[in-house]
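Let's take a walk through a protein model together. Keep the sequence and the 3D view side by side while you read.

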Amino acid sequence: QSHALPELLTAGGVLVYDLLPELDSLLCSHSLFLLGRWLESARAVATSAREAEQYELNARNQVTLWGPSGNILDYANKQLGGLVLDYYAVRWSLFVSVLVESLNSGRPFHQEQFNQAVFQVERGFIYNKKRYPAVPAGDTVEISRKLFLKYYPSALRRSSAGPA
């Protein structure tokens with residue numbers, strides 16, 4: 001509404017290129033938050049390779065679109081390592097890009113056009129067949145410590161400055 005393009009670019013860049021990758025890294029460091037583990041558990045109950053592919057597709061759909069057309073989008077969303085970076089960050093990146101283009105061109109943001117474009121990204125994730133690790137990588141406590149030290153000082157400065 002304020003057409004604050006520099007602030008939008010900064011916030012969008014921090015979200016897409018900093019926060020979401022760091023969240024994904026943190027999630028990938030613990031076995032309970034791995035997309036690969038979720039997908040492997042779906043495949044494990046199959047009785048054939050074809051069934052395993054279908055179960056994985058269903059597992060991807062369940063945590064994203066929840067239906068062939070995004071029937072209940074994000075209804076069963078999960079914060080899983082791999083999903084945050086390859087699904088949510090891509091969606092956010094598209095949103096920021098479309099919003100920046102809207103501001104640059106002076107044309108209004110068209111929600112329905114955006115919905116159609118993002119749906120293609122979402123379906124692409126469901127059908128991409130990318131394999132994700134089912135074994136954690138990194139030390140959760142160490143990653144958390146680094147994130148705390150990175151973000152806490154600026155949060156503390158903002159809170160001591162009073163309401164914005």
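This is a predicted model: local features need pLDDT of at least 70, side-chain atom pairs count only at pLDDT 80 or more; totals for chains, interfaces and linings use all residues.

Residues are numbered from 1 along each chain as its sequence is written, and side-chain values use heavy atoms, with hydrogens and water left out.

Now for the charges. Side chains of opposite charge can pair when their charged atoms come close. Here the pairs to look for are salt bridges (a side-chain nitrogen of Lys or Arg within 4 Å of a carboxyl oxygen of Asp or Glu). Searching the whole structure turns up 11 salt bridges.

Take Arg 131 and Glu 56, whose side chains meet in a salt bridge at 2.8 Å, N to O. This pair links distant parts of the chain: Arg 131 sits in the loop between α5 (111-127) and α6, Glu 56 belongs to helix α3 (residues 49-62), and the two are 75 residues apart. Helices, by the way, are DSSP runs (H or I, at least four residues), numbered from the N terminus. Is Glu 56 buried or exposed? Glu 56 is buried, because its relative accessible area is 3%; buried means under 20%, exposed over 50%, and partly exposed in between, with a 1.4 Å probe and protein chains only.

Next, find Lys 130, which forms a salt bridge with Asp 86, with 2.6 Å between the closest N and O atoms. Lys 130 lies in the loop between α5 and α6 and Asp 86 in helix α4 (residues 83-105), so this pair ties together parts that are 44 residues apart in sequence. Lys 130 is partly exposed at 39% relative accessible area, and Asp 86 is partly exposed at 23%.

A further salt bridge joins the side chains of Arg 91 and Glu 122 (3.1 Å, N to O). Arg 91 is in helix α4 and Glu 122 in helix α5, 31 residues apart. Both of these residues are buried.

Finally, the surface. Phe 148, Leu 149, Tyr 152 and Leu 156 make a nonpolar surface patch of about 400 Å². Patch residues have over 30% relative accessible area and no salt bridge, with like charges joined within 9 Å and nonpolar side chains (Val, Leu, Ile, Met, Phe, Trp, Tyr) within 5 Å; accessible areas come from the Shrake-Rupley method with a 1.4 Å probe, and for residues only the protein chains shown count as cover. Leu 156 is found in helix α6 (residues 140-160), and counts as partly exposed at 42% relative accessibility.
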